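Please examine the sequence and the model shown here. The paragraphs that follow lead through chain B and then chain A.

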Amino acid sequence: MTASKGIFVDLRQDAPIPLAASFFCAPGEVLALVGPSGSGKSTILRSIAGTYRPHGGIVRVNGDLWFSAAEGHYRPPHRRAVGLVFQNYALFPHMTAAGNLMAAMGHVRPTDRPRRAHALLDLVHLGGLEGRRPAELSGGQQQRVAVARALAREPAVLLLDEPFSAVDKATRQRLYREIAELRRVLEMPVILVTHDLDEAALLADRMVVLHHGQALQSGTAEEVTSRPASPAVARLVDLRNVFPGTIAARSEDSGHGCIDWSGLRIEFRDGQGREVGQQVSWVVPDGFVILHRRDRPSRGEHENPVPGTVTSFLAIGQTAHLTLRPHHAPDLPLHFSMPLHAARRNDLAEGVAATVSLLAEGIHVMDGQAPPSE
Amino acid sequence: MDWTALWLSLRLAGLTVVVLLPVGIALGRWLAYRDFPGKGLVEALIALPLVLPPTVFGYYLLVAFGAASPVGQFWQAAFGKPLVFTFDGLLLASIIFNLPFAVQPMQRGFEAIPPEVREAAACCGMSPWRSLLRVDLPLAWPGILTAMVLSFAHTLGEFGIVLMVGGSIPGETRTVAIAIYDRVQAFDNAAAAEMSTLLLAISLAAIALTFAFSRRIGRKLG
């Protein structure tokens, strides 16, 4: 690990902000730190930048030690080659856009600075606005200046702290596309802090789910959202169909088996390492809950049919968000969504009886107690 | 018009500002950025001249600077002259009683800089000194300017402390404010009125300039 390119972070402390997180990010990779506010993700970012000094841990970038509590080594922030894009951009209000970039070019010959500032502003589509002060730029333009300033430092690692939270939705969509394009030309590791799971899934290669400063799981967005490591992760990544159950049967070689869910048998496929009789939690993501059509049989109808009553029907845009209270366990509501037109065609409404199938391939079994449902 | 007294007042005010500029920046920045136990006490000590009667403050300074005090003895040994009833003593007293006028506006100026902006300076590779010169000072500038003008104008106008520590020695410790008092005592109201008008004009001009300048900076930073 010592000689490898990329950034290795391992932070440990109990107070004042608990931290227990370890991760690696390779050059060119985008790693998202995801968690609710107060989960310690900004503290981790500041520990990398050096503006926060934790009690324990290591930060190593391209083989260089930036921080080691054990060795008493701490490199101050101005001597770490980081580019940090702040949540509110933190541009220097008394400098022009170009001035902000040149302020980060202490390592460049003064005569070369204007040309480079110009090139970087072009890169973020701000050519021609060199002379504007931050107060004369829109939110989206300020964000681009902040990104360009972070790159002007020629950082060994690029850190983005909720960089899209202060702009409106339309601007955010445009900035997502620009960042996605930009990352193709970036050769350094990029660490993105966000509380928005969709943002992380869109921009990052991998994500680390954080809670109270602790890294609970790391993996691709698909892995984390379909196979959460624990009920806590499932809750953090907004999977609502988390239920308790008992392993009722399991085949030794295939891993297939059945869960007893309050009296209903639920088939699953990935039960490796579980024992019959074991108390578990299990989760089924929204996308694996399929409504039975009333007029003709639909795909997967024989898999885990769950009859119940629709208790809430909420249309947001073109999507219907539904809650079904199963007849066998009305206190364990199932949440799922489907296109609004499909819900209408099936005459779904509050109080209507309906049956859904839980596709066995989507069911994921976890150790640990399911958190109480809302 | 007592030109000697006016020149002495201007010299005293100018030197006070020159000394207080770095002292105020250091103290103001320290108080703005750091939290430590006893910070309230330090701030209270600095603010004391605002609330203490000038005669009381002057009395304590007189005792502290006197030939029997360690400060007075040190000064005598180091420079071969006493502190009380000299221009040096007056300057030292002026620096102390102007501390709140210098430190408080500068502290507010530094406090108004968002912490992320200072962090951004470090993350842009600026050393603490460079960050002070390129980011902190330009952004805290309205506060620093206010502090300088207030200290200058306040020194011109201070009376009680100057009288207690310096007395009224022409060319050494007699400031315009003291000279005005002397003229009134001598029933020379014309001279007193002349000097009062001049002092009023200088103070008004200084403060009006600061306000205008701060507003212009404020507009520029949006």
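Among contacts in chain B between residues at least 6 apart in sequence, what percentage join residues at least 24 apart? The figure is 73%, where two residues are in contact if their C-beta atoms, placed from the backbone, lie within 7 Å.

This is a predicted model, in which local features need pLDDT of at least 70 and side-chain atom pairs count only at pLDDT 80 or more, while totals for chains, interfaces and linings use all residues. Residues are numbered from 1 along each chain as its sequence is written, and chains are lettered from A and ligands numbered from 1 in the order in which they are written.

Chain B has eleven helices and zero strands; helices (H or I, at least four residues) and strands (E, at least two) are DSSP runs, numbered from the N terminus. Its C-alpha atoms fill a box of roughly 65 × 40 × 30 Å along the principal axes.

The contact between the chains takes 17 residues from chain B and 20 residues from chain A. On the side of chain B, helix 7 (115-123) and helix 8 (128-157) each give two or more residues, and helix 7 gives the most, with six. This side of chain B divides into eleven nonpolar, three polar and three charged residues. Here Ala, Val, Leu, Ile, Met, Phe, Trp, Tyr, Cys and Pro count as nonpolar, Asp, Glu, Lys and Arg as charged, and the others, Gly among them, as polar.

Chain A is assigned domain 1 (7-235), domain 2 (240-287 + 358-374) and domain 3 (307-356), with bounds from an automatic or database domain assignment. The centres of domain 1 and domain 2 of chain A, taken over C-alpha atoms, are separated by 38 Å.
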